[in-house]
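Me: I have a model open and want to go through it piece by piece. Can you take my questions as they come?

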Amino acid sequence: LNLVCFVVTQIFLYMLGKTLFHSRLPALLLCLLWGFSIGAAGLTVFIRMYSMLTMFTVMLLYFHAKLINEKYTDQPKWRWLLPLYIVTLAGGMTQYLFLVAAFLLTVLFCIRFIVKKQWKYFLLYGCTMLASVLTFFLIYPPALRQVFAETSSEINNFWNQFNGAVRIILYDSIGIGVSDIRWGL
């Protein structure tokens with residue numbers, strides 16, 4: 001399964017690179033760098049869900065890149081909504097933390113649509129992403145308790161993981177250590 005996920009990741013990574021760089025050579029270089037990295041080898045060799053999680057994350061990024069590039073073509077944006085729905089649902093079913101990445105992308109894209117006053121796309125896109133998350137919770141109702149409720153182990157609490165991820169992102173991106181972030185929950 002991990003090998004299949006690796007191949008699909010490489011295919012979507014190539015398409016993502018081609019969409020972003022508008023050239024085949026940088027897209028191939030991107031695939032080469034990822035394909036021969038220690039991270040890719042570890043994801044492929046060890047039997048865990050992270051290879052599938054990486055695959056769905058790259059797919060999510062690709063479909064969002066296609067949404068951005070639609071302004072340069074005559075194709076409608078709504079044709080990417082069904083793939084976004086499916087990938088977000090499948091990624092959430094793979095690992096809860098995928099929903100954090102999907103949430104952050106959704107917030108950024110909703111802000112983008114609001115700033116550009118594209119209300120129709122804001123509603124279509126926002127409802128699509130919300131529907132995928134709600135479908136996830138309908139398919140697997142215990143996730144509501146597991147994601148949002150306090151658990152016996154502090155490490156498994158979604159909010160603690162989210163808090164830790166935000167702290168790491170802030171430290172790695174701007175170099176400022178944030179000792180503790182309170183979300184008011």
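Me: Which residues line the largest cavity?
Reply: The lining of the largest cavity consists of Cys5, Phe6, Thr9, Trp34, Ala40, Leu43, Thr44, Ser51 and Thr54. Bear in mind that this is a predicted model.

Me: Which elements give two or more residues to that lining?
Reply: Helix H1 (2-21), helix H3 (38-45) and helix H4 (50-69) do.

Me: Stepping back, how many helices and strands does the chain have?
Reply: There are nine helices and zero strands. Read from the N terminus, the order of elements is α-α-α-α-α-α-α-α-α.

Me: What percentage of the chain counts as buried?
Reply: 35% of the 185 residues. As for contacts between residues at least 6 apart in sequence, 58% of them join residues at least 24 apart.

Me: Aromatics next. How many aromatic pairs are in the whole structure?
Reply: A search of the whole structure gives 11 aromatic pairs. One of them is Phe12 with Phe63, an edge-to-face pair with 5.9 Å centre to centre and 70° between the planes.

Me: Where do Phe12 and Phe63 lie?
Reply: Phe12 is in helix H1 and Phe63 is in helix H4, so their pair ties together parts that are 51 residues apart in sequence.

Me: Are Phe12 and Phe63 buried or exposed?
Reply: Both Phe12 and Phe63 are buried.

Me: New topic, Thr94. Where is Thr94 found?
Reply: Thr94 is in helix H5, which covers residues 81-94.

Me: Why does Thr94 count as buried?
Reply: Its relative accessibility is 17%, and buried means under 20%.

Me: What lies 2.8 Å from a polar atom of the Thr94 side chain?
Reply: The backbone oxygen of Ala90.

Me: And which residues does Thr94 touch, leaving out those up to four places away in sequence?
Reply: Thr94 touches Met49, Met52, Leu53 and Phe56.

Me: Last one, Asn69. Which helix is Asn69 in?
Reply: Asn69 is in helix H4.

Me: Is Asn69 buried or exposed?
Reply: With 14% relative accessibility, Asn69 counts as buried.

Me: What does Asn69 touch, with residues up to four places away in sequence not counted?
Reply: Asn69 touches Thr19 and His22.

Me: How far apart are Asn69 and Leu20 in sequence and in space?
Reply: Asn69 and Leu20 are 49 residues apart in sequence, and their C-alpha to C-alpha distance is 8.3 Å.

Terms used
Residues are numbered from 1 along each chain as its sequence is written. This is a predicted model: local features need pLDDT of at least 70, side-chain atom pairs count only at pLDDT 80 or more; totals for chains, interfaces and linings use all residues. Side-chain values use heavy atoms; hydrogens and water are left out. On a 1 Å grid over the protein atoms alone, a cavity is a set of points where a 1.4 Å probe fits but cannot get out, and a pocket is an open set with protein on both sides within 12 Å along at least five of seven lines; lining residues have an atom within 4 Å of a point. Helices (H or I, at least four residues) and strands (E, at least two) are DSSP runs, numbered from the N terminus. Buried means under 20% relative accessible area, exposed over 50%, partly exposed in between (1.4 Å probe, protein chains only). A polar contact is a pair of N or O atoms within 3.5 Å; within protein, one must be able to donate a hydrogen and the other to accept it, and residues adjacent in sequence count only if both atoms are side-chain atoms. Contact means heavy atoms within 4.5 Å. Rings of Phe, Tyr and Trp (its six-membered ring) pair if their centres lie within 6.5 Å; planes under 30 degrees apart count as stacked, over 60 as edge-to-face and the rest as tilted.
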